[in-house]
Amino acid sequence: MNSIGVILGITLMYSAPLVFAAMGGVISEKAGVINIGIEGMMTFGAFTGAATGYYLDNPWIGFLCAALAGGAISILHAVACVNFHANQTISGVALNLIGTGASLYLARILFDGATQTLPLKKKLPKLVSNADGTISLDSTAAIAFILVVLLWLYLYRTKGGLRLMAAGEHPEAVDSLGISVEKIRFCAVIASGILAGAGGAAMSLAVVSSFSQTVISGHGYIALAAVIFGRWNPASVALACLLFGFSQSLVVFLGNGTITIPSQVLAMLPYVVTIIVLIVMHGETRAPKASGVPYEK
Amino acid sequence: MNAAHAIEMHGIVKRFGNFCALDEVELEVKKGSIHAILGENGAGKTTLMNILYGLYDYNKGQILVHGKEVHFKSPRDAIHAGIGMVHQHFKLIEPYTVLQNIVLGYEKKGLFGFIDYRKARKEIEALIKAYHFKIDLDAKVRDISVGMQQRVEIVKALYRGADILIFDEPTAVLTPQEIHELTGCMKNMTEEGKTVIIITHKLEEITQCASRCTIIRRGKFITEVAVDGCDTKKLASLMVGREVNFSVKKQKKAGTEPMFEIRNLTVEDRQGICRLSDLSLEVHHGEIVGIAGVDGNGQQELFEAISSLIMVKSGTITIHSKEIQNTDPKTMLENGITVIPEDRQKDGLVLDFTVAENLISQNLSAPQFSRHGFLKKPEIMASSAALIEKYDIRPSGCSALKCRALSGGNQQKVIIARAIARNPDLIIAVQPTRGMDVGAIEFVHKALIEEREKGKGILLISLDLDEILKLSDRVAIISSGHITGVFDAQDADKGKIGTLMVGGKN
């Protein structure tokens with residue numbers, strides 16, 4: 001019974017960064033822009049969050065700065081893809097290189113040549129927890145799941161959502177109604193950057209307490225896999241994130257347990273699950289029709 | 001300025017780079033009338049309307065709506081001024097419901113800033129009732145017929161309070177019954193005091209419903225005529241700038257033995273849904289068989305089954321008593337079948353390859369064009385030059401030009417030249433004149449008839465019923481993947497065919 005509580009707590013903790021990033025992916029792809037750069041944006045957010053959180057000695061300010069940093073770096077992707085109709089995959093890959101590169105470069109300048117930040121005194125707090133760890137809920141996990149509800153309401157109940165998804169299905173139709181596709185897509189990319197940045201910080205400020213080179217290692221891509229797995233619907237995408245979070249928690253749980261599985265093999269688990277899920281899902285998904293297609297009048 | 005005019009456009013000039021799409025075009029539309037704009041493809045009709053609808057800016061000119069000068073920066077301004085447009089390619093979001101499509105961009109907020117669908121539904125239902133439409137507001141757009149999608153577009157415009165409606169090629173995809181309904185609907189609207197502008201290159205429609213007609217040729221204003229006292233022949237010559245020959249001369253001389261036979265063909269798609277069921281059909285030498293039907297009733301699958309692009313579940317396809325089902329496109333070509341595909345840009349041509357390369361693309365391994373895997377450039381160029389000359393592909397001598405640079409009509413000529421140069425026994429033509437203008441259509445029709453006279457069989461799949469009736473010796477009607485009737489073209493009756501097309505009983 002205790003183990004279940006522990007696993008649940010770790011699952012939620014590890015899911016939170018994925019949920020943030022995946023919601024960003026949903027927004028961007030629903031609007032018609034593929035955002036492979038989420039990995040880079042997460043990395044940059046993770047670094048910015050840890051660095052500002054360390055210097056200002058406040059993880060919440062760090063979290064906020066991380067979101068802003070993610071938003072700021074995503075402007076590059078928005079300008080390239082929306083204003084200049086660039087290939088979205090290439091721009092996204094470039095962003096991944098920039099995000100990671102910039103983080104390590106800035107870390108070296110700010111932290112005496114180290115490619116990591118110094119640990120914060122306080123992590124982002126847990127909302128509920130007890131001493132033996134059988135009950136725990138991270139504040140980031142709570143925020144993440146509130147975000148899922150809000151995003152769902154936004155997409156399916158408000159006019160902004162109706163227009164956003166239309167821009168990802170049939171941008172010409174949106175244009176013919178006198179609504180700016182560019183504006184919708186630009187804002188969507190920035191929003192996805194902000195969420196990816198927050199997701200990065202949910203990793204470096206809640207799961208661990210500092211930024212290092214490996215703190216974001218493929219989480220952005222796993223989030224994108226969750227977007228596909230969850231068929232672009234925020235609620236299902238969140239469930240997919242939970243599945244990936246669960247496989248991550250198994251890594252932690254089994255790693256501490258009595259069963260002896262080499263840790264390297266265990267660490268592969270989330271990635272193996274991702275690949276299996278994508279294979280199983282093959283052919284059944286329906287992406288937004290105009291996702292990945294630059295819109296030119 | 002004239003208050004009796006809903007729309008006035010004076011001296012409109014529009015340039016795309018160096019190309020002058022519209023050169024001092026004039027348009028005056030009387031309030032409460034149906035006004036047609038007639039012109040060949042690329043004449044600038046749609047460009048003119050896109051300017052009126054605020055989608056394009058213009059370089060020079062003046063636009064007045066109800067006597068007041070306007071300058072629209074976006075469709076939003078045009079909609080605000082009471083202009084609605086039903087585009088040729090519908091601007092509908094397929095996974096959305098009809099209701100969502102109608103409110104998109106014109107949403108009314110209710111509680112918590114959510115969209116107030118209930119209020120919208122009430123207003124739209126009232127509108128639908130007033131115009132006697134039949135529309136299911138909760139159906140997804142991807143599940144409804146093309147005719148209904150068009151009605152959704154009309155309601156979309158009316159819901160925004162449009163009193164001037166622009167229809168861009170509205171009948172291209174409709175059945176005869178739906179066309180009839182549409183003309184009725186347009187007349188209803190004018191009785192309500194609304195103004196209708198219809199863009200078309202189909203002459204019958206103009207004589208049927210419009211009162212006045214503006215003719216545009218190559219971006220230039222030609223004239224405005226009253227439709228009464230104008231026959232289609234005169235309209236056609238005004239549009240093209242020369243006499244057009246409508247009738248196609250053909251002698252009846254079909255062979256007795258079928259050269260191409262389809263027997264009890266059944267095709268299922270990946271979900272196991274039956275796309276073609278027990279379909280039988282034959283084509284004789286020297287015969288054109290037309291397949292008439294509403295889009296999406298198995299035409300595409302029929303073509304794909306013959307080309308072995310999809311698997312046949314049961315039944316046979318034979319040419320010269322050789323079975324070719326479930327083989328591959330190459331076998332089909334080798335057995336003397338050639339194809340004029342529906343989408344010339346997607347399936348017919350490699351747009352970024354030259355005309356010469358496209359002309360031999362089905363013949364690469366023929367000994368006259370290649371040896372040991374190397375292409376024989378001089379022979380290819382010579383053959384290409386001959387075909388360009390013979391089929392009048394313009395600009396002349398375009399062998400080295402990329403196909404992308406050619407106009408739609410000339411791209412189609414490349415495909416037809418390539419198809420016929422193979423000297424096939426059977427030509428399968430899918431929508432061979434889609435989106436082309438009278439001049440180019442005339443050329444394609446002549447080429448097909450010529451092949452028929454040579455004793456070839458032709459299977460013509462087209463959504464244009466007039467085209468089918470004009471060319472075919474026999475007409476087969478396809479509905480829900482099944483042939484519901486076969487007629488000799490002479491005694492075919494349009495009304496009866498229309499009923500069969502939508503699944504009615506003979």
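## Fold, contact and domains

Q: In what order do the elements of chain A run from the N terminus on?
A: The model is a predicted one. Chain A has its secondary structure in 12 helices and 2 strands. Read from the N terminus on, the order is α-α-α-α-β-β-α-α-α-α-α-α-α-α.

Q: What percentage of the residues of chain A count as buried?
A: A residue counts as buried if 20 or more other C-beta atoms lie within 10 Å of its own. Applied to the 297 residues of chain A, this gives 51%.

Q: Among contacts in chain A with a separation of 6 or more, what share comes from residues 24 or more positions apart?
A: Two residues are in contact here if their C-beta atoms lie within 7 Å. Of the contacts in chain A with a separation of 6 or more, the share from residues 24 or more positions apart is 76%.

Q: Which element gives the most to the side of chain A that touches chain B?
A: The contact is made by 14 residues from chain A and 20 residues from chain B. On the chain A side, α6 (159-169) and α7 (171-176) each supply at least two residues. The element that gives the most, with 5 residues, is α6(A).

Q: How many nonpolar, polar and charged residues are on the side of chain A that touches chain B?
A: Chain A brings 14 residues to the contact. By class, this side has 5 nonpolar, 4 polar and 5 charged residues.

Q: How far apart are the C-alpha centres of domain 1 and domain 2 of chain B?
A: Chain B is divided into domain 1 (5-240) and domain 2 (258-501). The distance between their C-alpha centres is 33 Å.

Q: Which element gives the most to the side of domain 1 of chain B that touches domain 2 of chain B?
A: In chain B, 12 residues of domain 1 are in contact with 14 residues of domain 2. On the domain 1 side, two or more residues come from each of α6 (176-191) and α8 (232-240) of chain B. By class, that side has 6 nonpolar, 5 polar and 1 charged residues. The element that gives the most, with 3 residues, is α8(B).

Notes: Residues numbered from 1 in each chain as written. Chains lettered and ligands numbered in written order. Predicted model: local features only at pLDDT ≥ 70, side-chain atom pairs only at ≥ 80, totals over all residues. Helix = DSSP H or I, 4+ residues; strand = E, 2+ residues; numbered from the N terminus. Nonpolar A, V, L, I, M, F, W, Y, C, P; charged D, E, K, R; others polar. Domains from an automatic or database assignment. Buried ≥ 20, exposed ≤ 12 C-beta atoms within 10 Å, placed from the backbone.
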